[in-house]
Amino acid sequence: MGSPEICSLSWGHMKVKGCSSSYKDCKVWPGGSRAWDWRETGTDHNPGVQPADLEEVLKKGVELLVIGRGMSEALQVPSSTLDFVTQKGVDIRVLQTEKAVAEYNKLARQGTKVGGVFHSTC
């Protein structure tokens with residue numbers, strides 16, 4: 001099963017192909033997506049994305065993970081989180097969210113087992 005394309009992105013709003021609801025922040029993986037609720041792991045802009053935010057997506061067998069840091073790149077990604085992902089044998093790309101979504105969609109269209117976590121505001 002392929003990774004679903006992100007069909008629209010605007011400030012505070014994301015739509016994933018095949019999903020009826022829209023998201024503010026989202027997680028996507030081959031065959032699915034869901035809202036990324038920062039309250040589940042106590043995430044905040046600083047210190048940023050935690051390994052616990054990524055575990056669910058990594059368990060879906062992704063080869064590459066894309067992280068969208070927000071429209072103004074306010075969401076931090078500590079080196080400890082990057083190390084966590086690479087230790088799992090998964091490549092990682094961290095980009096401003098619009099660029100991250102474009103990269104994710106390109107990889108998804110190529111058939112790469114790509115996953116992502118995206119912040120759609122600041």
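Buried means under 20% relative accessible area, exposed means over 50%, and partly exposed lies in between (1.4 Å probe, protein chains only). Keep that scale in mind for Glu56, which is partly exposed with a relative accessible area of 26%.

This is a predicted model, where local features need pLDDT of at least 70, side-chain atom pairs count only at pLDDT 80 or more, and totals for chains, interfaces and linings use all residues. Residues are numbered from 1 along each chain as its sequence is written, and side-chain values use heavy atoms, with hydrogens and water left out.

**Stop 1: a charged network**

Select Lys27 and Glu56. They form a salt bridge, with the closest N and O atoms 3.3 Å apart. A salt bridge here is a side-chain nitrogen of Lys or Arg within 4 Å of a carboxyl oxygen of Asp or Glu. Lys27 lies in strand 4 (residues 25-29) and Glu56 in helix 1 (residues 51-58), so the pair ties together parts that are 29 residues apart in sequence. Helices (H or I, at least four residues) and strands (E, at least two) are DSSP runs, numbered from the N terminus. Is Lys27 buried or exposed? Lys27 counts as buried, at 3% relative accessibility.

Arg34 is partly exposed, with a relative accessible area of 25%.

Arg34 forms a salt bridge with Glu40, and the closest N and O atoms are 2.8 Å apart. Glu40 is partly exposed, at 49% relative accessible area. Through shared partners, salt bridges join Lys27, Arg34, Glu40 and Glu56 into one network. By the salt-bridge rule, the count comes to nine.

**Stop 2: Val28**

Select Val28, in strand 4. Val28 is buried, with a relative accessible area of 0%. Which residues does Val28 touch? Leaving out residues up to four places away in sequence, Val28 touches Val16, Ser33, Val57, Tyr104, Gly115, Gly116 and Phe118. Contact means heavy atoms within 4.5 Å. Now find Gly70. Val28 and Gly70 are 42 residues apart in sequence and 16 Å apart in space, C-alpha to C-alpha.

**Stop 3: strand 8**

Select residues 114-119. Six of the six residues of strand 8 are buried, so strand 8 is largely enclosed by the rest of the structure. Both faces are covered: Val114, Gly116 and Phe118 are buried on one side, and Gly115, Val117 and His119 on the other.

Show strand 4 beside strand 8. The two pair in the antiparallel sense over four bridges. Two strands pair if DSSP finds at least two bridges between them. Val28 has Gly116 as its bridge partner in strand 8.

Then show strand 6 (residues 64-68). Strand 6 and strand 8 run parallel, joined by five bridges. Here Ile67 has Val117 as its bridge partner in strand 8.

**Stop 4: helix 3**

Select residues 97-109. Helix 3 has 13 residues and reaches 18 Å from its first C-alpha to its last, close to the 18 Å expected. The expected span is 1.5 Å times one less than the number of residues.

Colour its buried residues: Thr97, Ala100, Val101, Glu103, Tyr104, Asn105, Leu107 and Ala108. They pack against strand 1 (6-10), strand 2 (13-16), strand 4, strand 6, strand 7 (91-95) and strand 8.
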